[in-house]
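Please look through the sequence and the model below, and then follow the questions one at a time.

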Amino acid sequence: MPLYDYGCQQGHVAETIRPADVVGIGCPTCGRMAHRLVPRRFGIAGPTTDLRGMYRRFTEASQE
């Protein structure tokens with residue numbers, strides 16, 4: 001299953017593994033509905049870097 005980012009109206013972002021047909025989940029932070037975000041690599045504005053996500057994955061991997 002792929003890894004997706006979901007965002008709620010409060011601005012919380014959750015990164016989670018879900019089937020491709022799941023477009024909304026409950027936000028783990030506030031409980032509101034969080035919808036799947038468009039992957040940045042497919043964005044129109046061009047390449048961007050998600051430094052917080054990269055740092056989070058780096059620290060999680062280094063703790064293993």
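Predicted model: local features only at pLDDT ≥ 70, side-chain atom pairs only at ≥ 80, totals over all residues.

Q: How are the rings of Tyr4 and Tyr6 arranged in their aromatic pair?
A: Tyr4 and Tyr6 are both buried, and a search of the whole structure finds one aromatic pair. Tyr4 and Tyr6 form that pair, with 6.5 Å from centre to centre and 75° between the planes. Planes over 60 degrees apart count as edge-to-face, so the arrangement of Tyr4 and Tyr6 is edge-to-face.

Q: Which residue has its charged end over the ring of Tyr4?
A: The ring of Tyr4, which is paired with that of Tyr6, also has a charged end sitting over it. That charged end lies 4.2 Å from the centre of the ring and belongs to Arg36.

Q: How many disulfides are there?
A: A disulfide needs two cysteine sulfur atoms within 2.5 Å. For Cys8, the nearest cysteine sulfur is that of Cys30, 3.8 Å away, while for Cys30 the nearest is that of Cys27, 3.7 Å away. Cys8 and Cys30 are therefore in no disulfide, and the count for the structure comes to zero.

Q: Is Cys8 buried or exposed?
A: Cys8 touches residues including Cys27, Met33 and Ala34. The relative accessible area of Cys8 is 11%, and because buried means under 20%, Cys8 is buried.

Terms used:
Residues numbered from 1 in each chain as written. Heavy atoms only, no water. Phe/Tyr/Trp six-rings, centres within 6.5 Å; stacked < 30°, edge-to-face > 60°. Buried < 20%, exposed > 50% of the residue type's maximum accessible area, 1.4 Å probe, protein only. Lys NZ or Arg CZ within 6 Å of the ring centre and 35° of its normal. Contact = heavy atoms within 4.5 Å. Lists of a residue's contacts leave out its neighbours within four places in sequence.
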